[in-house]
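Colleague: I would like to go through some of the labels given to this structure. Please set each value against its cut-off.

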Amino acid sequence: MSGSTNIIAMKKVVQQLRFEAGINRVKVSQAAADLQQFCLQNAQQDPLLTGMSSSNNPFRPQKVCSFL
Amino acid sequence: KTSFNCIFNVSFSLRFKPFRRRPLPAQRKYMRSPLTPEMATQEVQLNETLAHLKTESETLKSKLEEERAKLHDVELHQVAEKVEGLGQFVMKTRRTLKGHGNKVLCMDWCKDKRRIVSSSQDGKVIVWDAFTTNKEHAVTMPCTWVMACAYAPSGCAVACGGLDNKCSVYPLSLDKNENLAAKKKSVAMHTNYLSACSFTNSDMQILTSSGDGTCALWDVESGQLLQSFHGHAADVLCLDLAPSETGNTFVSGGCDKKANVWDMRSGQCIQSFETHESDINSVRYYPSGDAFASGSDDATCRLYDLRADREVAIYSKESIIFGVSSVDFSLSGRLLFGGYNDYTINVWDVLKGTRVSILFGHENRVSTLRVSPDGTAFCTGSWDHTLRIWA
C-alpha cells in the first residue's frame, strides 16, 4: 500500500533529522577564528595571494634571454 | 558566428541545463479502489502514524534551527575586521588553450601542476600541457555533453562522462599514436546524466554524482558499486572530496538547493545545508577541510563552516545577477574565485566578504574553474570553446 511506503520514507526523514540535531557544534566566533588563523598562517605560501615574481611562476612571462 | 549561436548567447535569462528535473514528488497518490471496513481502519491508523511522524519532523527541524542559531554569536567578517585588507591584484590570462569545437564544460589539473584535462559539448576530451599549450591526447566520446572529467592522482589516466550516464576511465599512453578509446574502461553506471566525477586518493576508486539524484563510489578495476549516497531530492550537480587529512567525507550540491556532507564509508548524510535560493552548481572544500564554499544560480557564493554547522558568509553584490557556475579557493583559503554566467570571474576576500577583483576575458559563460595543485595559477573553461590560465 502506498500509505506504508510514505511511512517508511517519513521514518527515514525523522531518523536523519534526529541524527543531525544531535551533532556537536562550536560557536561561530570560534570557528571563524580558526578559519582566519589558517588563512594567515598559510598566506606566505599562497602564490596567487602574494603575487609570485615572474621568475618563480611558470606561467608568467619571463625575461627574454638573448644569445650573445 | 552563426545566427544560431547568437540566439543562444544573447538571451542571458536562459538558464540552460540539460535534462534538469524538478524535485521528486514527496508522496504518491492513493490508488482509488473500494475499501473494506478492515482496510478503512488500517488506512486511518496509517494516516495517524504519518501525521505523528510529520509533526515530529517539523519539531526536529525547528530544534535544528534553534541549536544552530544559539551558536551564531558573530559574523565571520566581524571577526576578520582587524585583518589587513588585500591590495590590488594583477591577474591576467597567461595562456589560452584553443582546440575544442564547442562549449568547454569541465576541466581538472594533473598533480604534476602542468597538465590539464578538459571536456566539451562536442564529445571531445583533451589533455593539454598548460605550459606549452600543446595538446597531448584527445579522445572522442560516444556521446555529446561530456559534463565531467577528472585526472587520476597518478597522472596515468583520466575519467569522464556525461549524457551517456556513465563514467569511463581512459589510461593515458605514452605513445601518442595509440588509440586511447580502445583501452576505455566503463566504471560507473547511473540512470541519468553524469554531472561530476573525482578519483579518491588513488587511481582505484571514483566518486560520481548524477542527474538521477544520487552519488556513488565505484571500484575502478571491477566496476563494482562500493557505496551509494541517497538524500538529494533532485539532480546532484557537483561534488568535492575533503582534503585527505580530514578523513573520509565529501560534499555534494544539487538542484534541490541543498549541500550535503557524506560519510564515504557508511553512505550516511552527516550534515545538510539549505540556504541557497537556487541550484548549487559547484562546491569546494576550504583547504583546512573545516568549511566549504558553494556557488549557485542565485548569483551568490556562500561559505559553510562544518564545525559551527551553518552558513558563515555570503559573497554577493547587487550588481551581480548571473549564476555562479564554479568556485575554488587559493592555497591559503584567503581568496575565493568564482566563474560566472556573465562571462566574468569575481575574486572574493573570504574573510572580509568583499570582492577584490573582477576578471574579464572569456567571450561566453565561464563553466568551470580550478586552481592548480601548487596554487601558482587557476584555469577556467568557457562556453566560448577556450580554456584560459590566469596568474
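Colleague: Why does B:D112 count as partly exposed?

Modeller: This is a predicted model, and the value is computed from it. B:D112 has a relative accessibility of 31%. Buried means under 20% and exposed means over 50%, with partly exposed in between, so B:D112 at 31% counts as partly exposed.

Colleague: What makes B:D112 and B:R115 a salt bridge?

Modeller: The closest N and O atoms of B:D112 and B:R115 are 2.5 Å apart. The cut-off is within 4 Å, between a side-chain nitrogen of Lys or Arg and a carboxyl oxygen of Asp or Glu, so this pair of Asp and Arg at 2.5 Å qualifies. As for B:R115, its relative accessible area is 23%, so B:R115 is partly exposed too.

Colleague: Why is the contact of B:R284 with B:D240 called a salt bridge?

Modeller: Here the closest N and O atoms are 3.5 Å apart. That value is within 4 Å, so the pair is called a salt bridge. B:R284 is in strand β18 (residues 280–285) of chain B and B:D240 in strand β14 (residues 236–241) of chain B, 44 residues apart, and the pair links distant parts of the chain.

Colleague: Are B:R284 and B:D240 buried or exposed?

Modeller: Both B:R284 and B:D240 are buried, a label that calls for under 20% relative accessible area. The two residues also belong to a network of salt bridges that includes B:D108, B:D328 and B:R370.

Colleague: How do you know that the pair of B:D309 and A:R25 joins two chains?

Modeller: The side chains of B:D309 and A:R25 meet in a salt bridge at 2.7 Å, N to O. B:D309 lies in the loop between β20 (301–305) and β21 (310–315) of chain B, while A:R25 lies in the loop between α1 (2–21) and α2 (28–42) of chain A, so the pair joins two chains. Both B:D309 and A:R25 are buried.

Colleague: What makes the phi of B:K257 worth a remark?

Modeller: Most residues other than glycine have a negative phi. B:K257 is not a glycine, yet its phi is positive, about 70 degrees. B:K257 lies in the loop between β15 (249–254) and β16 (259–263) of chain B. Its relative accessible area is 35%, between 20% and 50%, so B:K257 is partly exposed.

Colleague: Where is B:H385?

Modeller: B:H385 is in the loop between β27 (378–382) and β28 (387–390) of chain B. B:H385, not a glycine either, has a positive phi of about 80 degrees. At 26% relative accessibility, B:H385 counts as partly exposed.

Definitions and conventions: Residues are numbered from 1 along each chain as its sequence is written. Chains are lettered from A and ligands numbered from 1 in the order in which they are written. Side-chain values use heavy atoms; hydrogens and water are left out. Helices (H or I, at least four residues) and strands (E, at least two) are DSSP runs, numbered from the N terminus. Buried means under 20% relative accessible area, exposed over 50%, partly exposed in between (1.4 Å probe, protein chains only).
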